[in-house]
Every structure is written in structure tokens, then in C-alpha cells.
Amino acid sequence: MKPGDKAKLIKRSFLLKGVIVLTGAQVEIQEINGDKVSVLYNDREGYPHTIEDLTLADLAPIE
């Protein structure tokens with residue numbers, strides 16, 4: 001996976017600044033720095049959120 005790729009979140013659902021991020025959500029990879037990954041997540045209303053504390057193990061390629 002590389003920046004710009006779409007991926008599926010396989011990490012367990014969690015709360016991010018008052019927004020529930022669900023397992024299986026589609027995200028776009030913004031940056032990969034070693035094992036840390038930054039992704040762009042759009043909530044149900046379409047508002048973008050950056051999630052910065054993910055690892056490659058938290059993501060799966062979209063088939």
C-alpha cells in the first residue's frame with residue numbers, strides 16, 4: 001500500500017474526537033512513516049477526519 005491508495009479499516013471500532021469510526025470503513029492513505037500510517041476518513045455526513053495513530057496491521061486492501 002502507498003499514499004493515495006484506498007484501504008479498509010480492520011481495527012476494532014473506536015471513538016475519534018466525538019466521531020465513531022467503524023470497522024470496515026473505507027479510508028484513503030495519506031502518509032506512511034515507518035510503521036505509522038496517516039489516513040483520511042470521511043464520516044457519514046461527508047466530513048473529513050485525519051486518523052494518525054494507525055499501523056499497517058490496522059488496514060486491509062480493498063478487493
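**Entry: serine 38.** I started with serine 38, which lies in strand 5. The model is a predicted one, so I read each entry below with that in mind. Is serine 38 buried or exposed? Its relative accessibility is 12%, and because the cut-off for buried is under 20%, serine 38 counts as buried. I then listed its contacts, leaving aside neighbours within four places in sequence. Serine 38 touches Glu28, Ile29, Gln30 and Glu31, and also Thr50, Ile51 and Glu52. I also noted that serine 38 is the bridge partner of glutamate 31.

**Entry: strands 4 and 5.** Next I looked up how these two strands pair. Strand 4 and strand 5 are antiparallel, with six bridges between them. They form a hairpin with two residues between the strands. Glycine 34 sits in that turn and has a positive phi of about 70°.

**Entry: strands 5 and 6.** I went on to the other partner of strand 5. Strand 5 and strand 6 run antiparallel and are joined by six bridges. This is a hairpin too, with five residues between the strands. In its turn I found glycine 46, with a positive phi of about 95°. One bridge I wrote down pairs valine 39 with isoleucine 51 in strand 6.

Entry: In what order do the five strands of the open sheet come? I noted 6-5-4-1-7, with antiparallel pairing. Strand 6 and strand 7 (59–61) are the edge strands, each pairing on one side only. Neighbouring strands are turned by 45° against each other on average, direction ignored.

**Entry: strand 1 and its two partners.** Strand 1 pairs with strand 4 in the antiparallel sense over three bridges. Here lysine 6 has glutamate 28 of strand 4 as its bridge partner. Strand 1 also pairs with strand 7, antiparallel, over three bridges. On that side I found leucine 9 opposite leucine 59 in strand 7.

**Entry: salt bridges.** How many salt bridges does a search of the whole structure find? It finds two.

- Glutamate 28 and lysine 6 form one, with the closest N and O atoms 3.4 Å apart. This pair links distant parts of the chain, as glutamate 28 is in strand 4 and lysine 6 in strand 1, 22 residues apart. Glutamate 28 is partly exposed at 29% relative accessibility, and lysine 6 is partly exposed at 44%.
- Aspartate 5 and lysine 2 form a salt bridge as well, with the closest N and O atoms 3.2 Å apart. Aspartate 5 is partly exposed at 23% relative accessibility, whereas lysine 2 is exposed, with a relative accessible area of 52%.

I was pleased to meet glutamate 28 and lysine 6 again here, having already noted them as bridge partners.

**Entry: aspartate 58.** This residue is in the loop between strand 6 and strand 7. Aspartate 58 is buried, yet has no salt bridge. Which side chain of opposite charge is nearest to aspartate 58? It is lysine 11, 4.7 Å away.

**Entry: lysine 17.** I found lysine 17 in the loop between strand 2 and strand 3. Its phi is near 50°, a positive value in a residue other than glycine. Lysine 17 is exposed, with a relative accessible area of 80%.

**Entry: the core.** I kept the largest nonpolar core for the end. Of its 15 residues, Val21, Val39, Tyr41, Ile51 and Leu59 touch the most other members. Strands 1 to 6 are the elements that give two or more residues to this core. Which strand gives the largest share? Strand 5 does, with three residues. I looked up valine 39 in more detail. In general, nonpolar side chains in soluble globular proteins tend to be buried together.

Notes:
Residues are numbered from 1 along each chain as its sequence is written. Side-chain values use heavy atoms; hydrogens and water are left out. A nonpolar core is a set of buried Ala, Val, Leu, Ile, Met, Phe, Trp, Tyr and Cys residues joined through side-chain atoms within 4.5 Å. Buried means under 20% relative accessible area, exposed over 50%, partly exposed in between (1.4 Å probe, protein chains only). Helices (H or I, at least four residues) and strands (E, at least two) are DSSP runs, numbered from the N terminus. Two strands pair if DSSP finds at least two bridges between them. Axes are lines fitted to C-alpha atoms, for helices over the stretch in contact, and angles run from 0 to 180 degrees between N-to-C directions. Lys and Arg count as positive and Asp and Glu as negative; His and the chain ends are not counted. A salt bridge is a side-chain nitrogen of Lys or Arg within 4 Å of a carboxyl oxygen of Asp or Glu. Contact means heavy atoms within 4.5 Å.
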